[in-house]
Amino acid sequence: MPAPAPARDLRFLDPAILARLGTMELKARTVVEGFLAGLHRSPYRGFSVEFAEYRQYLPGDDLNTLDWKIYARSDRHYVKKFEEETNLECHVLLDVSASMAYRGSAPMSKLEYGSVLAGALAFLMHRQRDATGLMAFDDRITFRLPAGARAGHLHTLLLALERLQPGQRSSAARPLRQLAEALIKRSMVVVISDLLEDSEPVIRGLRHLKSRGSEVIVFQLLDPHELTFPFQEPAKFRDVESEEELLADPATVRTSYLRQLAGLTLKYDRGLRGAGIDYVQLDTSQPLDFALLSYLAARQRQK
Amino acid sequence: MSFLYPAFLIGALAAAIPIVLHLLRRDVAPEVPFTAVHLLRRSPFEQTRRRKLKDLLLLAARIAALVLLAIAFARPYFTASAEGPSLQIIAIDRSFSMSAPGRFERAQAEAREALARAGRGQRVAVIAFDDRATIVAPPGGAGEARAAIDALRPAYGGTRFAPVFDRAIELSERDDARLTIISDLQRAGWENETPVTVPASLDVDVRDVSVSAGNLAVTKLRRDGDNVRVEILNGGASPASGTVRLAVDNRPAATAPFSVPAASASEVAVPYRASARGVLTAEIDDPAGFAFDNRRFLLLDATGRPEIIIVGDSVNQSGFFATRVLQSGDADAGFDVQTKTAAAFGGVPQEVLSQQAVVILLSTRNLDRRGRESLAGFVRKGGGLLIAASPDVDPTVIATSMAWRDFAAVEQPATGAVLAATDLRHPIFRPFGALAANLGQVRFTRSWKVRPDGWEVAARMTDGSPALLERHEGSGRVVLFASDIDRRWNDFPLNAAFVPFVIEAVRHAAALTEVPGEYLVADVPQGGGAEPGVHTLGDGRRITVNVDPRESVTPAVTPVEFKARIGSAPEPARPPVERQARQAEGTQNLWRYGLLLMLAALVGESVVGRTR
């Protein structure tokens, strides 16, 4: 995966700024345009067959790209540049379980962050003429928008993202199975979840998707509090999904917790990468560029 | 275990504070929503268990510290497991009357029996007494007490009970105690004694070891022209007879038969003209009686009238009354008195001064340096000095003359205070007899307030200030009367007790005896031996030492009579039980261990807490 240019302006990818923006469409547009503006001479430019720009002919250019109509009107040689276009079908699976509503020290909750990420991806996909679908799930599918590439589809999708509410307990295995059954042709599946559940069923479900020919990319969203467990004073920790309570002294359990989390991450990493699935862990306090770059890398592979 | 201040144990409830805080803290622990509680729950059990163990240790250490602090403040003590008081004092009479056959062995057996009755937790002290009471085994274990009892032997002193109670009260000051007095209860032990009062905490038990056997004793020996008169006392219930043997310097000189009726004394005239020098001994046989009163010694060395210089003031005619008193005696008992002014005292030749028995200092006005040096040298060489306070005597001059750095005296009014003999058996007051009561009739207007450091106090004013003091200086003796003897600060010269007081004070200062050179065992001057016989003092003077003839008198008092002479001090304000508890606690001092344990608990808490 190529590294982004170091001089990019990340202001509009910062979750703290995004959180203050209004609609999901604005957020998604800001992310994508900010991201693309920073890419400059990105190697991903020109994916579709859509017209991109004119450039004066230079010796060595393919004569097939000469625009003879311009030549006829202006008696000058211009080369016509096109953007590539595919008919890729892309599905974004967004976890809306109760744990995704958690917000520790990050500017946005994981659900908000995931929604912006999903919106940005949808925006990006739409620009590339890909058919984009959305599926929200907790332990079941709570919302589904079939993939589409029409002009109003993106707006519907972004509106749906904006209206999503946290659901119940998360269990990704069943929705993944249902999606795998529903997919007819090779697609790209983006899973956005915190994956704080039993890893085995999730890995099995994702592998199943991959085995059906889909390119799968998994974004695991974690709040900084979940990543570092920075609590100091003993507290009664209540699980936001199960309502389970546990009195613990952070000083005592921090090391153990971080070890457990690292173990879980390692399981996902090994289980998914071994199956050719991109697994990206995201800190919800960090900018979204890394997520988008990950997507583009996967998109490139799908092509 | 008991507690002196059990109310402080309420403070132990503070131990609940860590528990309550723990519980409250658990209840008020903030609720924090979190997503991965199941990851928290997977913490290793060992660590959690260790943490719980640490928490328990911390809690236990904190609770222990608080409880120990409360216990320390409550002043714990162990109550004695054995019945009775915690201190057993065994006082054994070792006066020479105990030398009667089998008597002292019986006393020792009684002492061992008393020792065996002492409980395991009881401390035991042993006092041996005759004229004086000596602690031969301080409060401690039975082993030391037994060894002290076994080592005791009869001595040569007479019986005196008052010092026993003084010592016992001194020992039992902090403890409930039982005093077991083992004695033949000689009646002389109570003579001329002020009433004895013991505190309620001192339980007195009396063991009589006297036997009904008689006693023969030589109680007097004197020259009478061509005869030597020997007084023989028969303390037995039947007449006694025998032979009295005279010896001079251990060489047999004469014998004479004697016959003494039961319970009486007879004087036997032994035809013998004693020589002018030597030591005369009269001896009888009495295997059944006391061992040390069968012989008596008499010094035959010729002695003249003691010479005395009164240093006074010619203007005030000081020394008038003292001079009259000292010159009033007959040819044998009087003194040769000469009066000098303080200014003239320095001019007295040393050879004349060395002949003086006593210097009576009534004025220091114009006492020059030579006079001061003569006075100090005279005393240090064995002379006697009697000082009577007066407006003419400057304490500073005395202090500088005698080089007494600690001496200080301040003139003060003595309104209402009268003289009280502290010890009626003191050599100065002993001859007073019933006349001692007259001392209380003397009216004092002024006196010196003397700092008693370095002095022995023989009498005090009723306001507690020392009135008659004595100290040794070199080989001599100094007697200080804190008021004057010239009727300026008191009316003492008009009192009947004045004459014997002056004579005895002078005799005591000069270490003179009624019979020149004869001393009783209890009165032997410094440097003399403590056993009957002939001794030579440091200044070369020979003296004879005889046992106190009062000790030879039988019968003794009964235990009931003995106890009747002991008064009880008023009940203390505190209940005896509380006092006992206070004493036990004060002895054990367990609170110190409590605080040490608390400190250890806090250190442990710190160590455990740091490993968190």
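"So, which strands form the open sheet in chain B, and in what order? Keep in mind that this is a predicted model. The answer is eight strands, running 18-17-19-20-26-25-24-22, with mixed pairing. At the edges you've got strand 18, residues 336–341, and strand 22, residues 419–421, and each of those pairs on one side only. Going from one strand to the next, the twist averages 20°.

Let's zoom in on one pair in there. Strand 20, residues 384–388, and strand 26, residues 476–481, both of chain B, run parallel and share five bridges.

Helix 10 of chain B, residues 369–380, packs on it and touches strands 19, 20, 25 and 26. Its direction makes about 115° with that of strand 26. Then there's helix 7 of chain B, residues 320–327, which lies across strands 17, 18 and 19, at about 165° to strand 18.

Okay, over to where the two chains meet. Chain B puts 18 residues into the contact and chain A puts in 23 residues. On the chain B side, strand 2 (31–34), helix 2 (37–41) and helix 3 (45–73) each supply at least two residues. By type, that side of chain B splits into 10 nonpolar, three polar and five charged.

Terms used
Residues numbered from 1 in each chain as written. Chains lettered and ligands numbered in written order. Predicted model: local features only at pLDDT ≥ 70, side-chain atom pairs only at ≥ 80, totals over all residues. Contact = placed C-beta atoms within 7 Å. Helix = DSSP H or I, 4+ residues; strand = E, 2+ residues; numbered from the N terminus. Nonpolar A, V, L, I, M, F, W, Y, C, P; charged D, E, K, R; others polar. Pairing = 2+ DSSP bridges. Axes fitted to C-alpha atoms, helices over the stretch in contact; angles between N-to-C directions.
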